[in-house]
Amino acid sequence: MGCKTVQHCLNTTLHKENYMLSRHCLACSSRVFSGAEETAPVEAVSEDDSQEERDRKERIPQRKADISRCWSKYCMDVLRVSRDKCVQEMTSTEESDEDQNIEKETSDEDSACGGEGDEEGDRKEPLRFESLEVTSLEQHVCCSWRAKSGSNISKEFYVLDGHVTNHVEILQDMSQLYKLLSFFDEDFERRCKMHKRRVDMLSEVLIELNPQHYLLVCRQLMFEIAESYSDMIDLKMSIAEESGGAPSMHAVKKINTLINQSIKFFQSFSDSLKHKGALPEKFDEDTVRPALVAQFYIARLYSKLICADKYGKVENLKKSFDIYQYLVEYCDAHPDMPEKAFKDELGVSREMARLLPLKMDKIMSEP
């Protein structure tokens, strides 16, 4: 089974959330490949090899990397669906119960139609697979370990030198893996460490890339690093709130440092969109949402900076206000913008642009 076929089967079955069939395809491909790997001689690639010879020697290592990468994506999708189900249960218990009842009724109907003696039911039965559920933290950790293992094997072949795009995509997958795993961990400190790992691995590769040649990739990395810092900020603030009382000077310094780092990378992302030192009057359809969301995040972050001096507070709130005002004016000036591009954030921006002047006046009136 070729790797492209495996990837196609995986994408198709995961799209339908048919995890048992996905795992079956991957297990078959791994079994077939292990036999080929045992019999194939290991040949080192040299600089004198022709492209055809190089492709022949790299065929087995590349297939191993591709299959491992498929396993990683499979495990990540299991975690992603598990997270989405948890969110759905937390936000809409009644809707979740109703869905379960519908699924039960459908299952009962299928059983009735495919009972003993029903030839059509007998033919369809082998094609039905149960969904794979991951419920406990231990299972999530085990699943994430398998995904991380697959990514590490893939990185052995798809090194940065010569495979930039694939190498970065693997690191981005690993970053998303830590983000998914952090959702299931109730320990805020451990969750912070997971996001810190995301920052470290993405920052390390970002430094190595030339923005002139890999601008889109650099933008993706900047945005994700900034988001990771933002997630750490929320967790650090939650830790400070749980401790009770005012946060310590060390906690304040740490939170402000994270805020400034997040602003820095969101601003770097925004700067990459500038032409001749200024943002375009109208963003492209592909960039309009990330461009506006980055500004929205920056405005939100400025308002979170902890400052004892009231003049410092007002200065930060003024920066937030200016950005919210810019977002409102941009959206009003471009009513033809896709509706979902900034719909939810626009409502918040309008509200903040209205409330922040009142808040600044209140702060300045304090003794």
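User: Which helices do the buried residues of α10 pack against?
Analyst: In this predicted model, the buried residues of α10 pack against α8 (188-208), α9 (215-243) and α11 (288-304).

User: Which residues of α10 are the buried ones?
Analyst: V252, I255, N256, L258, I259, S262, I263, F265, F266, F269 and S270.

User: What span should α10 have, and how far apart are its end C-alpha atoms?
Analyst: Helix α10 covers residues 249-271, so its 23 residues at 1.5 Å a residue should span 33 Å. The end C-alpha atoms are 32 Å apart, which agrees.

User: Moving on to K276. Where is it?
Analyst: K276 sits in the loop between α10 and α11. Its phi is positive, about 55 degrees, although K276 is not a glycine.

User: Is K276 buried or exposed?
Analyst: Exposed: the relative accessible area of K276 is 80%, and the cut-off for exposed is over 50%.

User: Now S68. Which helix is it in, and is it buried or exposed?
Analyst: S68 belongs to helix α3, residues 51-91. S68 counts as buried because its relative accessible area is 8%, where buried means under 20%.

User: What does S68 touch, leaving out residues up to four places away in sequence?
Analyst: G150, I153 and S154.

User: Whole chain now. How many helices and strands?
Analyst: There are 13 helices and 0 strands.

How values were computed: Residues are numbered from 1 along each chain as its sequence is written. This is a predicted model: local features need pLDDT of at least 70, side-chain atom pairs count only at pLDDT 80 or more; totals for chains, interfaces and linings use all residues. Side-chain values use heavy atoms; hydrogens and water are left out. Helices (H or I, at least four residues) and strands (E, at least two) are DSSP runs, numbered from the N terminus. Buried means under 20% relative accessible area, exposed over 50%, partly exposed in between (1.4 Å probe, protein chains only). Contact means heavy atoms within 4.5 Å. The expected span of a helix is 1.5 Å times one less than its number of residues.
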